[in-house]
Amino acid sequence: MKGRTIVITSGKGGVGKTTATANLGTALAMRGHSVVVIDTDIGLRNLDVIMGLENRIVYDLVNVIEGKCRLRQAMIQDKNRLELYLIPAAQTRDKDSITPEQLKALCAELENDFDFILIDCPAGIEQGFKNAVAAAGEAIIVTTPEVSAIRDADRVIGLLEASGLHRPKLIINRIAADMVKRGDMMGQEDVESLLAVEVIGLVPADERTVAAANRGIPAVHDGRSTAGAAFTRIAARIDGEEVPLKEPDARPGMFNRLRDMVGIKGRAYSHA
Amino acid sequence: MGWVVVIADSSMVVAESPPKADKQQPAVLIKGRGTEVAFTLDENAPLDEVAQELDSQLAGKSMLFSKGGISINTGNRCLSADEEEEIRRIFREKSGLKIARFVSAAGMPVEEQLGQGAMLQADENAKPGVVEEPPARRTRQNATPLSDFSSADLARALSGLSSQGQRTRDRALVVRGTIRSGETVEHHGDLVVLGDVNPGSEVLADGDIVVMGSLKGLPHAGAAGDNKAAVIALEIAAPRLRIGGAEAHAPASGSAGARRRRQDNTAPQPTIAYIRQGKIHVSPFAGRFARYTKGVPYEG
């Protein structure tokens, strides 16, 4: 079986690419898939920290590409012994240490053995972006509901299409439902109409995500994390399952939970 | 450096070289314009000559180009699938440049494969990692020429020209899909965008610009200096407008008009921007249409 290589990118920094990569990788592995996550943010590696694997790094992506070690030696298995492996970025090198062709060849090799290869793309649209994008067959764009992030996402979608990656999917991260409700933040429809791409996930702003990242345990392991639950649903969608998009709820109170249970369709709040 | 957008346009040559000086004109002209490189392929030269010339011009220059997708404007030439493949091959082998799309200035399969347009036609079964082939494109054979619904008349009407109008320009370029931040679309004629023009993008046309969507990027209609050109969009929300030699800035977002519209929450309405007495005016399109189609020039 041939695996799928998906790049997770955004243009703007700090919107949650790395967090999304860690969570989607973990969620896909929890669904029983074999997954490799590759950190291509050479020089500014983070994915290892978010996944809590920082201390286990011996070899990195550049070592593999330069032939200093075997591929398997650089692959660090997840703490929970899931079929999830991390190839960390080199911290002491820069983006020019690898070429798009080299990463492409690496991913092609991994595709033979794994179901999913997730590439965590660095911010920006320079060499690091080009490296990350070259190897991918699909793309997921992460954005937050802020004009700056959306502008950058728009630029990146254009670049992806120019390099042959069509139909990128969009994750809208850090949605503050109460702000959307007040009209102080863009909602799904606003972002969707601006970017004109398919939304694959709505992730609520959730303090627990930060706490999880600091502990090095992706939020999908946390049963009480709303963001973790959102990433689990996104993983299911990536897997081809039909899961309806769930707008983050402004009031996760008793009434709403009851309403969800009973299955009454509440009035969707408007973004106007 | 980013992706190189290449616009190779035959009409550029027509505009820049006196007629009949063509004999000296090489079949392939490479010109730098800022960060862009334009390849102009002589539309009258036989294709094998063009191919040969292209081949030799590109050889040894491959280091000059950053790798990326480019678009080729074939001018009035209409390429067959084989001919396109040949040009594609030369660029691929000699320069590392990949042709993202072919556009034609006149013959009419004017079709830009941007945004959704491309998405709609993208091969769903494309293998991961394979980014070689551009999406299927429409060629002349199966495209509906705009002239079928008398684009000439329409264009004349829309540009306020009488039937013996003195302006000559290429026919309309139709872009299907969103023009995204960082993208520039330039056309020596009228430009029609079936989608949004997003912030951070630029659309330039020697003629009119018609956007069947929201215009938030920077438009320049009448870019060659035509003050009779107009910008029409379902919504004009551009920070600046340029028509011919005039430029206008959008009112500040805190202005009374903007505030009123926010409060009223009225849906945006089709809008036209044009020049009158040297100044750019922005008005609802509805009331202007009759005047526009009657060919009453705005200027003067």
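**Close-up views of a two-chain predicted model**

**View 1. Helix 7 against helix 9 in chain A.** Helix 7 (residues 147-162) and helix 9 (residues 188-195) of chain A pack with their axes 10 Å apart and at an angle of about 40°. Axes are lines fitted to C-alpha atoms, for helices over the stretch in contact, and angles run from 0 to 180 degrees between N-to-C directions. Helices (H or I, at least four residues) and strands (E, at least two) are DSSP runs, numbered from the N terminus. The structure is a predicted model, in which local features need pLDDT of at least 70, side-chain atom pairs count only at pLDDT 80 or more, and totals for chains, interfaces and linings use all residues. Residues are numbered from 1 along each chain as its sequence is written, while chains are lettered from A and ligands numbered from 1 in the order in which they are written.

The crossing of helix 7 of chain A with helix 9 of chain A is right-handed; a crossing has this hand if the near helix is turned clockwise from the far one by less than a right angle, and is left-handed if anticlockwise. On helix 7 of chain A, the residues involved are A:I150, A:A153, A:D154 and A:I157, which meet A:V191, A:L194 and A:L195 of helix 9 of chain A. Contact here requires C-beta atoms, placed from the backbone, within 7 Å. The residues of this contact divide into six nonpolar, one charged and no polar. Ala, Val, Leu, Ile, Met, Phe, Trp, Tyr, Cys and Pro count as nonpolar, Asp, Glu, Lys and Arg as charged, and the others, Gly among them, as polar.

**View 2. The open sheet of chain A.** Eight strands with mixed pairing form an open sheet in the order 3-4-2-5-1-6-7-8; two strands pair if DSSP finds at least two bridges between them. Strand 3 (76-77) and strand 8 (198-204) of chain A are the edge strands, each pairing on one side only. Strand 2 (residues 35-39) and strand 4 (residues 84-87) of chain A are parallel and share four bridges, with A:V37 having A:L86 as its bridge partner. Helix 7 of chain A packs on the sheet and touches strand 1 (4-9) and strand 6 (138-143) of chain A; its direction makes about 170° with that of strand 6 of chain A.

**View 3. Strand 1 of chain A and its two partners.** Strand 1 of chain A pairs in the parallel sense with strand 5 (residues 116-120) of chain A over five bridges, and A:I6 stands opposite A:L118. Strand 1 of chain A also runs parallel to strand 6 of chain A, joined by four bridges; here A:T9 has A:I141 as its bridge partner.

**View 4. The largest nonpolar core.** This core has 84 residues, of which A:L61, A:I119 and A:F231 touch the most other members. Helix 7 of chain A supplies the largest share, eight residues. A nonpolar core is a set of buried Ala, Val, Leu, Ile, Met, Phe, Trp, Tyr and Cys residues joined through C-beta atoms within 7 Å. Not counting residues up to four places away in sequence, A:I119 touches A:T5, A:V7, A:I8, A:I38, A:T40, A:A132, A:A135 and A:A136. A second, separate core of 33 residues includes B:L204, B:I232, B:Y274 and B:I280.

**View 5. A:D206 in its loop.** A:D206 lies in the loop between strand 8 and helix 10 (207-215) of chain A. A:D206 counts as buried because 22 C-beta neighbours lie inside 10 Å. Leaving aside neighbours within four places in sequence, its contacts are A:S225, A:T226 and A:A227.

**View 6. Strand 8 of chain B.** Five of the six residues of strand 8 (residues 189-194) of chain B are buried, so this strand is largely enclosed by the rest of the structure. Strand 8 of chain B runs parallel to strand 10 (residues 209-215) of chain B, and three bridges join them. B:L191 stands opposite B:I209 of strand 10 of chain B. Chain B has seven helices and 16 strands, and 42% of its 300 residues count as buried.

Technical notes. Contact = placed C-beta atoms within 7 Å. Buried ≥ 20, exposed ≤ 12 C-beta atoms within 10 Å, placed from the backbone.
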